[in-house]
Amino acid sequence: MNQKYSIPYVNFGLQWKFEKKNLLPIFEKVFRKGQFVGGAEIDILEKKILKFTNSNYSVALNSGTDALTIGLHLLGIRPGDEVITVPNSFIASTAVIVHLGAKPIFVDVLDDQNINYKMIEEKITKKTKAIMPVHLTGRVCRMDKILNIANKYKIKVIEDAAQAIGSKFNKKFAGSFGKIGCFSTHPLKNLNASGDGGILLTNDKRIYKNAKMLSNHGLENRDTVKKFGYVSRMDNLQAAILNFRLNNLKEIIKKRRKNADLYFNNINNHKIKLPYENINEFNTYHTFVIQSEERDKLKNYLSKNGVETAIHYPKPIHLQPAAKKLGYKKNDFNITEAQSKKILSLPINQFLKKYEIIQISKLINRF
Ligand SMILES: Cc1ncc(COP(=O)(O)O)c(C=O)c1O
């Protein structure tokens, strides 16, 4: 917990306080057995995730980033290929494409911060091998439209569902629409490990088997390496923590949705734009992002009043120094760039008290 703030953005101290009694025996069990790499907890987690997301196969990995890397690799993305994605994500979505030697082709976003599906088709070329929609903030992209385009051009879809475990569109789970779906279980995510972690989801047995193998040095068995692979396995200890926390994920999502409702009912400053949920959506509010023309002043004002906020993300990917050689420039993606100056993530975590959300809302109304 950041001592500077009476209402911190996240609250790991409280999480530990609530979970300590349950987690200590879980740690003890893993240490006593001495199974750290691979192990029973991994198998349990992979099965539980399938049940949670209504999918056929899952692979527990060391990060959401590696889930995307292995996923793209298994979709056959090679140097010179193009992958369509958005410039307003966490840097990892683009980095994984670049690392495979492929080119990220950016498409601007809609009002809801997700990919503008109407602009995808014009970006498709002979080199386009995949579309990677990012379900930002815990809200699923228009997967009906995206899948129609992908089917029309026979392009694979890999979902960056890092922020969207449990989110739904038309009652279908994020991560289960495309050929591959990737979750992150980073400490800041709704289902969080105590370190890095990620999960790859697929309905394709071949992809599942190869993802398992690639994540474990490409070992087919103890002594045979079929393909040069990665070391991307999730730790058994992290899987044990996630197995415990997955039991509460529905409750966590319920609490975050309730917090969102409290904001909807209490913020009435007309200069502030709130997120919204369409009827066919089920949003899990990994982040609760408002928009203000005076974002920096508002952030400062809330900070002075003890409320910690965050910005996801203040500098779009195409304007990052690392992206220079991709050849994009300022004003290439107007909506993304405009949003990056207005967006502000309010605290939404499941440990917040009702009076804290009302207090934040009042401050925003007074601003
Ligand atoms: C949209 C998005 N994509 C990818 C990632 C990468 O996940 P990880 O941090 O688990 O590698 C994250 C999370 O940080 C993310 O938010």
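1. In this predicted model, residue E82 has T128 of strand β4 as its bridge partner. The two strands involved, β2 (residues 82-85) and β4 (residues 128-131), run parallel to each other and are paired over three bridges.

2. That pairing belongs to an open sheet of seven strands, in which the pairing is mixed and the order reads β1-β9-β8-β5-β4-β2-β3. The edges are formed by β1 (57-61) and β3 (103-106), each of which pairs on one side only, and from one strand to the next the twist averages 25 degrees.

3. Helix α4 packs on this sheet, where it touches β2, β3 and β5 (156-160), and the direction of α4 makes about 175 degrees with that of β2.

4. As for the ligand, 15 residues surround it, and the closest of these are S63, G64, T65, A162 and S184. Helices α3 (64-74) and α4 (92-99) each supply at least two residues of this shell, whose members divide into nine polar, four nonpolar and two charged residues.

5. The largest nonpolar core comprises 68 residues, and those with the most contacts inside it are L72, A130, I131, C182, I199 and L200. Helix α7 (residues 236-246) gives the most to this core, contributing six residues.

6. Which residues are in contact with L72, once its neighbours within four places in sequence are left aside? They are I77, V83, V96, I97, L100, A130 and I158, and A130, like L72, is listed among the residues with the most contacts inside the largest core.

Technical notes
Residues are numbered from 1 along each chain as its sequence is written. This is a predicted model: local features need pLDDT of at least 70, side-chain atom pairs count only at pLDDT 80 or more; totals for chains, interfaces and linings use all residues. A nonpolar core is a set of buried Ala, Val, Leu, Ile, Met, Phe, Trp, Tyr and Cys residues joined through C-beta atoms within 7 Å. A residue is buried if 20 or more other C-beta atoms lie within 10 Å of its own, exposed if 12 or fewer, and partly exposed in between; C-beta atoms are placed from the backbone. Helices (H or I, at least four residues) and strands (E, at least two) are DSSP runs, numbered from the N terminus. Two residues are in contact if their C-beta atoms, placed from the backbone, lie within 7 Å. A residue is near a molecule or strand if its C-beta atom, placed from the backbone, lies within 6 Å of it. Ala, Val, Leu, Ile, Met, Phe, Trp, Tyr, Cys and Pro count as nonpolar, Asp, Glu, Lys and Arg as charged, and the others, Gly among them, as polar. Two strands pair if DSSP finds at least two bridges between them. Axes are lines fitted to C-alpha atoms, for helices over the stretch in contact, and angles run from 0 to 180 degrees between N-to-C directions.
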